[in-house]
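Thanks for asking me to look at this one with you. Please open the structure beside the text and follow along point by point.

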Amino acid sequence: MRPRSLPTPIPRRHALAGLAAGAAGLLLGGDARAGAACPSGLAGRVLPVGVQGGLAVGLKSYPAMLPLADREMVLTFDDGPIPGPTSRVLDALACAGARATFFVIGRNASANAALLRRIRAEGHTVACHTYSHPWTLREMRFEAAKRDIEAGFDAIAQALGESAAPFFRFPGFADTPALLAWLASRDIGVFGCDLWASDWSPMSPEQELELTLGRLAKARRGIVLFHDVQARTASMLPRFLTAAAAQGFRAVHMVPGPGRLSPEPAGPGWSSDTERMIAIARRAHV
Ligand SMILES: [Zn+2]
């Protein structure tokens, strides 16, 4: 059955988003604790992403990426929402006036509905990352995997009071041809990433900051994967956003769009990092 939550477009809300943008330059939330001013100039354009008939982007897994200009990044956060780290991530994004996409787990959405609504109220895109974060969907029967994805979208819709964006990310990027085809038939886009923070690995916030800024400088653009459930990510994010803004990066806000976006094909010599990622993630349960 088609989830009732799909694929109704999400109305954009601007009231709180405007407040957040106006906060640039002030001391807020986690940044205030760190004693740093909010970065300015990080907010980039809004990118409507049409997923009619399916879309799979993110060079770590797929030979296609979003059509982004040099120094344009799309910030994405997985596995929340949970009290604590997710709230600090939202504080940092509000401070910078930047919008992100949150690939939330359905059961966390149900358990933390107020926090989920805060994500949406502050202008971010809410997307789905399954209901129970199975490890992995590849090891499940097709029908069971499909049910978990549908349950994720339904739980988000119930907690949020509106549908999630028709955007999905596989736990650990562990997709299957059958699930990809089914998601495409449901007009749901699949998002891998172009670089990641490796924030599932034990490291200090300072190490994560340096690692991720280095990868961003090398990639120069793309979808960046973080986990808002990781305290180290919440801790380093204000500094990451400040440094990225100082280097001229812009945070592009991905929102549901009409039709189907034309992705940019991968360059020659492209290869998928998915299998290596799954092997890493299998140890860490990303
Ligand atoms: Zn995950």
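Here are my numbered notes, going from the whole chain to its details.

1. Please keep in mind that this is a predicted model. The average pLDDT over the chain is 89, and 86% of the residues reach at least 70. Residues 7–34 need some care: there the pLDDT is below 50. The model still gives this stretch 58 contacts beyond near neighbours in sequence. Where pLDDT is low, the predicted coordinates should not be read in detail.

2. Now for the overall make-up. The chain has ten helices and twelve strands. It holds 286 residues, and 51% of them count as buried.

3. Which residues touch the most other members of the largest nonpolar core? They are Val126, Ile156 and Val224, in a core of 81 residues. Helix α6 (residues 142–160) supplies the largest share of this core, with eight residues. As background, nonpolar side chains tend to be buried together in soluble globular proteins.

4. Leaving aside residues up to four places away in sequence, Val126 touches Phe102, Val104, Leu116, Ile119, Arg120, Ile156, Leu160, Ala164 and Ala165. One of these, Ile156, is also among the residues that touch the most other core members.

5. Next, find strand β4 (residues 72–78).

6. With strand β10 (residues 222–227), β4 runs parallel and is joined by six bridges; here Thr76 stands opposite Leu225. With strand β5 (residues 101–104), the pairing is again parallel, over three bridges, and Asp78 stands opposite Phe103. Strand β11 (residues 250–257) also runs parallel to β4, joined by two bridges, and in this pairing Glu72 faces Arg250.

7. Finally, follow the chain from β4 to β5. Between them comes helix α3 (residues 85–96), and β4, α3 and β5 together make a β-α-β unit. Is that unit right-handed or left-handed? It is right-handed.

Methods: Residues are numbered from 1 along each chain as its sequence is written. This is a predicted model: local features need pLDDT of at least 70, side-chain atom pairs count only at pLDDT 80 or more; totals for chains, interfaces and linings use all residues. A nonpolar core is a set of buried Ala, Val, Leu, Ile, Met, Phe, Trp, Tyr and Cys residues joined through C-beta atoms within 7 Å. A residue is buried if 20 or more other C-beta atoms lie within 10 Å of its own, exposed if 12 or fewer, and partly exposed in between; C-beta atoms are placed from the backbone. Helices (H or I, at least four residues) and strands (E, at least two) are DSSP runs, numbered from the N terminus. Two residues are in contact if their C-beta atoms, placed from the backbone, lie within 7 Å. Two strands pair if DSSP finds at least two bridges between them. A crossover is right-handed if, with the strands pointing away from the viewer, the path from the first strand over the helix to the second runs clockwise. pLDDT is the predictor's confidence in each residue, from 0 to 100.
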